[in-house]
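Hello,

Please find below the structure I said I would pass on. My notes on the contacts inside and between the chains follow.

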Amino acid sequence: MEFINSISFLVAFTMVVFILAKILYQKYPVFIFNPVFVSMGVCIGFLLMTGISYADYNTKTKFISFWLNPSVVALGVPFYLQLERIKRDWKRIMSAMLLGSISGIVSVVIIAFMFGASNEVYLSLAAKSVTTPIAMGVTEAIGGIPALTAGIVVSVGILGAIIGEGFMKLIGVTNAKSQGMAIGTASHALGTAKIAPKSEEHGAYAALGLAMNGVLTAIIAPIIMPWVEVVLTYL
Amino acid sequence: MMTKFTQLAFILAFLALGEGLKWVLGVPVPGSIIGMLCLVLCLEFKIMKLNWVKDASDFLIQNMAFFFIPAGVGLMVQWDIIQKEWVPIVVASVLSTLVVMAVTGLVSGRK
């Protein structure tokens, strides 16, 4: 028991599960076999079976989660590689980012409220589109449950990775710039990880979207939430 | 040409720089985002060369999805809330994700 509860075992176990989940997805590329989704399911099952608490697992796999931070820094590279093009078109990009960010915060809160979400749940959803560390900070600031936000953020990221490209085609958005930016804005690093290998342009604009929406949401959400809550009283 | 080890050290140094600036400026933006913006500036102003970070950055970006797993597993402790309120959570998350994608994608231009 002490062995399976050790840092080395839990980290190695999580890695092996992810590798196998990727092999499964390569063989059967169906959306429910999304590697992150499958790995989460297997790890949850494993913890429930062995009785290891999530708090314990989370502490011992900090070694894995930590690498999210340098990965976000690394997105500066594709961002830089497209910087000249971004500078040429900054007005349109800023409007797309700003409207995307605000519509995300407002729509998720209003829809959740209309479907009967409690106060702390809709507050936990406001920052759902941005990367985990930012989203948890925003949720704390506006009075939701940060741990719930973390799980929702990962789910939204998986959703964006799964449906992003198909949805873009469906609404007729065909250029790499808009596809990348929309997916990065809506589904942060997980959507970005899926779309970035398609082309450097996809990667750059997705990185731009995720970075900008992170910054914008951190600033905008705490400011507009009181106004959104006023709107909710009229619904 | 830098070794991969040195490249990784550069990226971690930018992360530390971002955390440091966050602490000094007291802004509610994560250090990783500030570090990323600093890296872009240093590359743009030729303080850093692209091949000092390129390989390590490609490696991290390619494997980024893996680093989310522990946070995702955290959903298991929110089971009570999810059981009670899964309808608004799922409906709002899905619809709002589509809204964000459509608004950003269409404003930025279809072609």
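This is a predicted model: local features need pLDDT of at least 70, side-chain atom pairs count only at pLDDT 80 or more; totals for chains, interfaces and linings use all residues.

**Domain contact in chain A**

Across the interface of domain 1 of chain A and domain 2 of chain A, the rule finds zero residue pairs in polar contact, with both residues required to be at pLDDT 80 or more. By class, the side of domain 1 that touches domain 2 has five nonpolar residues, one polar residue and no charged residues.

The domain assignment of chain A gives 7-66 as domain 1 and 73-233 as domain 2. Taken over C-alpha atoms, the centres of the two domains are separated by 25 Å. Six residues of domain 1 are in contact with six residues of domain 2. The area buried between the two domains is about 430 Å², and carbon and sulfur atoms give 80% of that area.

**Chain B against chain A**

Between the chains, 67 residues of chain B are in contact with 96 residues of chain A. The buried area here is about 7100 Å², of which 81% comes from carbon and sulfur atoms. B:Phe66, B:Phe68 and B:Met101 supply 10% of the area that chain B buries against chain A, more than any other three residues.

The count between chain B and chain A is 15 residue pairs in polar contact, both residues at pLDDT 80 or more. On the side of chain B that touches chain A, at least two residues each come from helix H1 (4-25), helix H2 (31-44), H3, helix H4 (69-73) and helix H5 (79-108) of chain B. H5 of chain B gives the largest share of that side, 24 residues. Sorted by class, the side of chain B that touches chain A holds 47 nonpolar, 14 polar and six charged residues.

The count of salt bridges between chain B and chain A is one. B:Glu44 and A:Lys87 form a salt bridge, with their closest N and O atoms 2.8 Å apart. Both residues belong to a network of salt bridges that also links A:Glu84.

**Salt bridges within the chains**

Over all chains, the structure holds eight salt bridges. One of them joins the side chains of A:Asp89 and A:Lys177, at 2.4 Å from N to O. A:Asp89 lies in the loop between helix H7 (83-88) and helix H8 (90-114) of chain A, and A:Lys177 lies in helix H12 (residues 176-195) of chain A, so the pair ties together parts that are 88 residues apart in sequence. A:Lys177 counts as buried, at 12% relative accessibility, while A:Asp89 is partly exposed, with a relative accessible area of 23%.

Another salt bridge pairs A:Lys169 with A:Glu165, the closest N and O atoms being 3.8 Å apart. Both residues lie in helix H11 (residues 146-170) of chain A, four residues apart, or about one turn of the helix. A:Lys169 is exposed, at 54% relative accessible area, and A:Glu165 is partly exposed, at 26%.

In chain B, the side chains of B:Lys54 and B:Asp58 meet in a salt bridge of 2.9 Å, N to O. Helix H3 (residues 54-62) of chain B holds both of them, four residues apart, about one turn of the helix. B:Lys54 counts as partly exposed at 23% relative accessibility, as does B:Asp58 at 26%.

Regards

Terms used
Residues are numbered from 1 along each chain as its sequence is written. Chains are lettered from A and ligands numbered from 1 in the order in which they are written. Side-chain values use heavy atoms; hydrogens and water are left out. A salt bridge is a side-chain nitrogen of Lys or Arg within 4 Å of a carboxyl oxygen of Asp or Glu. Buried means under 20% relative accessible area, exposed over 50%, partly exposed in between (1.4 Å probe, protein chains only). Domain bounds come from an automatic or database domain assignment. Contact means heavy atoms within 4.5 Å. Buried area is the accessible area (1.4 Å probe) that two parts lose on being put together, summed over both. A polar contact is a pair of N or O atoms within 3.5 Å; within protein, one must be able to donate a hydrogen and the other to accept it, and residues adjacent in sequence count only if both atoms are side-chain atoms. Ala, Val, Leu, Ile, Met, Phe, Trp, Tyr, Cys and Pro count as nonpolar, Asp, Glu, Lys and Arg as charged, and the others, Gly among them, as polar.
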